[in-house]
Amino acid sequence: MATFNSTRLVDVISQTYALAMSKDDKRVRDWPLIQSPLPAVATVLGYVVLVVIGPRLMSGRDPVQLGHVLSVYNLTLVALSAYMAYEFCMSAYLAGYSLGCQMVDFSTNPLALRMARVCWLYYISKYTETADTIFFILRKKTNQLTFLHVYHHSTMIFIWWINAKYVPGGLVFFHATLNCFVHVIMYSYYGLAALGPSLQPYLWWKKYVTKVQLIQFFATFIHTLYVCTRCDFPLGLSIAALLYDVTLILLFINYYHQEYVTRKRSHLKVEGYPPLINGTQNGDKKLFIKETQNGDKKSHIE
């Protein structure tokens with residue numbers, strides 16, 4: 001009967017780890033936060049712990065009033081995302097990239113190194129974006145700490161450690177570039193919203209931000225599917241990216257439905273009236289809800 005050999009297991013793990021680390025891009029091996037997976041793993045674990053204990057630490061305390069800190073933070077991310085989008089586009093354009101089977105240039109060519117640097121910067125930006133969660137906790141916006149939010153922030157750090165270390169360029173540039181453009185839109189919305197209620201009437205386009213995010217994930221899914229079937233790219237990375245896109249599409253569809261369909265219907269329900277059909281009652285009468293000066297809500301049908 002075979003016995004468990006812990007020493008042998010440790011040796012296998014050690015050898016596998018050493019082999020994996022030897023396959024990295026030698027050009028970026030000594031760049032900050034990329035030498036080993038430890039910073040990424042430690043950050044993700046710390047992030048999850050913060051999500052669990054943060055709201056408990058804030059219970060019984062007043063929400064922190066961050067003032068214009070939120071605006072500065074969000075608009076800074078707009079500028080960073082715009083800069084990275086520019087660098088991705090220019091690096092790809094000058095290097096003659098295509099949206100097809102574009103492989104990574106592992107040479108020390110200036111354009112190849114420029115692409116590697118912006119991939120690294122994009123990876124670093126995933127650490128910065130975890131501040132979103134910290135601000136939610138400080139402001140006691142625990143309803144924003146959804147599974148989608150936590151899942152996306154925590155996984156992107158480790159995914160882009162892999163990309164920046166092993167394939168900084170080539171096919172992955174399309175996903176990162178698209179995400180940078182989406183972040184310009186998204187953080188612009190959050191930055192403007194943080195400036196105060198006076199701008200709320202002009203921020204009617206919130207739901208379109210989610211639609212743009214969904215379009216992004218469908219586009220990257222189609223691109224990754226093409227890569228899996230047509231390109232000589234590491235199959236394991238391609239399949240992992242494909243499955244990841246599927247999870248994000250499903251989670252964002254669920255979020256959109258909950259936020260803009262289910263919640264809208266719940267807001268329209270008024271005790272004593274039957275449910276509305278396509279925004280009308282019985283197909284021809286509209287229900288109006290008006291808030292009075294003392295905060296009560298009155299309804300009437302026209």
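**Entry 1. Terms and model**

I take buried to mean under 20% relative accessible area, exposed to mean over 50%, and partly exposed to mean in between. The model I am consulting is a predicted one.

**Entry 2. The disulfide**

I looked up cysteine pairs with sulfur atoms within 2.5 Å, and the count came to one disulfide. The bond joins Cys101 to Cys231, with an S to S distance of 2.0 Å. I recorded the torsion about the S-S bond of Cys101 and Cys231 as about -80°, so this disulfide is left-handed.

I then placed the two partners on the chain. The pair links distant parts of the chain, 130 residues apart. Cys101 is in the loop between α3 (69-94) and α4 (110-128), and Cys231 is in the loop between α8 (206-230) and α9 (235-268).

Cys101, with a relative accessible area of 35%, is partly exposed.

I asked which cysteine sulfur is nearest to that of Cys89.

I compared their accessibility with the same terms. Cys89 counts as partly exposed at 32% relative accessibility, whereas Cys180 counts as buried at 1%.

**Entry 3. Annotated transmembrane regions**

I consulted the unreviewed UniProt entry, whose annotation "transmembrane region" covers residues 33-54, 66-86, 145-162, 174-196 and 233-256. I examined two of these ranges in the model.

Over residues 145-162 the chain is 89% helix and 0% strand, and I find the end C-alpha atoms 26 Å apart. Residues 233-256 are 92% helix and 0% strand, with 33 Å between the end C-alpha atoms.

**Entry 4. Asp245**

I located Asp245 in helix α9. Is Asp245 buried or exposed? Its relative accessible area is 5%, so I class Asp245 as buried.

I listed the residues that Asp245 touches, leaving out those up to four places away in sequence: His175, Phe217, Thr220, Phe221 and Thr224. I also looked up the separation of Asp245 from Ala219, which is 26 residues away along the chain. Their C-alpha atoms are separated by 9.5 Å.

**Entry 5. A nonpolar surface patch**

I found a nonpolar surface patch of about 390 Å², made by Val48, Val49, Val52, Ile53 and Leu57. I checked one of these residues individually: Ile53 lies in helix α2 (residues 38-58). At 39% relative accessibility, Ile53 counts as partly exposed.

**Entry 6. Positive phi values**

I turned to backbone torsions, bearing in mind that most residues other than glycine have a negative phi.

Leu33 has a phi near 65°, a positive value in a residue other than glycine. I place Leu33 in the loop between α1 (6-22) and α2. With a relative accessible area of 34%, Leu33 is partly exposed.

Lys140 has a positive phi as well, near 60°. I place Lys140 in the loop between α5 (131-138) and α6 (147-166). Its relative accessibility is 33%, so I record Lys140 as partly exposed.

Notes:
Residues are numbered from 1 along each chain as its sequence is written. This is a predicted model: local features need pLDDT of at least 70, side-chain atom pairs count only at pLDDT 80 or more; totals for chains, interfaces and linings use all residues. Side-chain values use heavy atoms; hydrogens and water are left out. UniProt positions are given in the numbering used here, feature names are shortened, and annotations may be inferred rather than shown by experiment. Helices (H or I, at least four residues) and strands (E, at least two) are DSSP runs, numbered from the N terminus. Patches are made of residues with over 30% relative accessible area and no salt bridge: like charges are joined within 9 Å, nonpolar side chains (Val, Leu, Ile, Met, Phe, Trp, Tyr) within 5 Å. Accessible areas come from the Shrake-Rupley method with a 1.4 Å probe; for residues, only the protein chains shown count as cover. A salt bridge is a side-chain nitrogen of Lys or Arg within 4 Å of a carboxyl oxygen of Asp or Glu. Buried means under 20% relative accessible area, exposed over 50%, partly exposed in between (1.4 Å probe, protein chains only). Contact means heavy atoms within 4.5 Å.
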